[in-house]
Amino acid sequence: YLLCRPAAWLMAFFTGGELSFSRTEAVVLTPGLRLLIPPSCAGAGFFVALLALFGWTANRNGRYRLLAAALPLSWLITLVTNSVRIFCVSRWEVHCAAMLPLPLPLQHQAVGMAIFLLVLFVVASVLIQKYSDPQEDAHE
């Protein structure tokens, strides 16, 4: 609920759609499109990967204050990234899915992986640049 529902709220807000919740999924109804967002689309794995990345950076560099920001930053980045992913997948399904001979769930996963990996790379790059020790890099 902490990842899936806020992403559904963002999708409804930015698409102008109506939002409803069932026991198992969120539903965003927009003109010409019905988005079903089950808990498996919450981005929980991405959230855990971000937490691990922040934890690794803090531990590696002795920047333990970063740990205090890790949870809220990971949640916010996951929320925004997952909302963008859901939007991109919905547009992909409308405009591009018929062009590929792959099953639709596999296409959804591929688009999601591309977006999640890109954001992980960007976050890792920012953390490395911000928290790397120039003296340690000079010795390597």
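Modeller: Buried means under 20% relative accessible area, exposed over 50%, and partly exposed in between, with a 1.4 Å probe and protein chains only. This is a predicted model, in which local features need pLDDT of at least 70, side-chain atom pairs count only at pLDDT 80 or more, and totals for chains, interfaces and linings use all residues. Residues are numbered from 1 along each chain as its sequence is written, and side-chain values use heavy atoms, with hydrogens and water left out.

Colleague: Is A8 buried or exposed?

Modeller: A8 is found in helix α1. Its relative accessible area is 0%, and the limit is under 20%, so A8 counts as buried.

Colleague: How far apart in space are A8 and N82, C-alpha to C-alpha?

Modeller: In sequence, 74 residues separate A8 from N82. From C-alpha to C-alpha, the distance in space is 9.5 Å.

Colleague: What pattern does the protein follow along the sequence?

Modeller: Helices (H or I, at least four residues) and strands (E, at least two) are DSSP runs, numbered from the N terminus. The protein has five helices and three strands. Read along the sequence, their order is α-β-β-β-α-α-α-α.

Colleague: What percentage of the protein's residues count as buried?

Modeller: The accessible surface, from the Shrake-Rupley method with a 1.4 Å probe, comes to about 8,900 Å². Carbon and sulfur atoms hold 68% of that surface. Of the 140 residues, the buried share is 34%.

Colleague: Of the contacts between residues at least 6 apart in sequence, what share joins residues at least 24 apart?

Modeller: Contact means heavy atoms within 4.5 Å. Among contacts in the protein that pass the separation of at least 6, the share joining residues at least 24 apart is 56%.

Colleague: What is the orientation of α1 and α3 to each other?

Modeller: Two packed helices are described by the angle between their axes and the distance between the axes. Axes are lines fitted to C-alpha atoms, for helices over the stretch in contact, and angles run from 0 to 180 degrees between N-to-C directions. Helix α1 (residues 4-15) and helix α3 (residues 65-95) have axes 9 Å apart and pack at about 55°. Under 35 degrees counts as roughly parallel, over 145 as roughly antiparallel, 65 to 115 as roughly perpendicular and the rest as oblique, so α1 and α3 are oblique.

Colleague: Which orientation does α2 have to α3?

Modeller: Helix α2 (residues 44-61) packs on α3 with the axes 9 Å apart and an angle of about 150°. This places α2, relative to α3, as roughly antiparallel.

Colleague: Which residues does S74 touch, not counting those up to four places away in sequence?

Modeller: S74 lies in helix α3 and is buried, with a relative accessible area of 0%. With residues up to four places away in sequence left out, S74 touches F47, L50, L51 and F54.

Colleague: What handedness does the crossing of α3 and α4 have?

Modeller: The axes of α3 and α4 come within 10 Å and cross at roughly 145°. A crossing is left-handed if the near helix is turned anticlockwise from the far one by less than a right angle, and right-handed if clockwise. The crossing of α3 and α4 is right-handed.

Colleague: Which residues does T81 touch, not counting those up to four places away in sequence?

Modeller: T81 is a residue of helix α3 and is buried at a relative accessible area of 7%. Outside the four places on either side in sequence, T81 touches F46, I115, F116 and V119.

Colleague: How far apart in space are L120 and A49, C-alpha to C-alpha?

Modeller: L120 is found in helix α4 (residues 104-131). Beyond four places in sequence, L120 touches F46, A49, L50 and L53. L120 and A49 are 71 residues apart in sequence, and their C-alpha to C-alpha distance is 8.1 Å.
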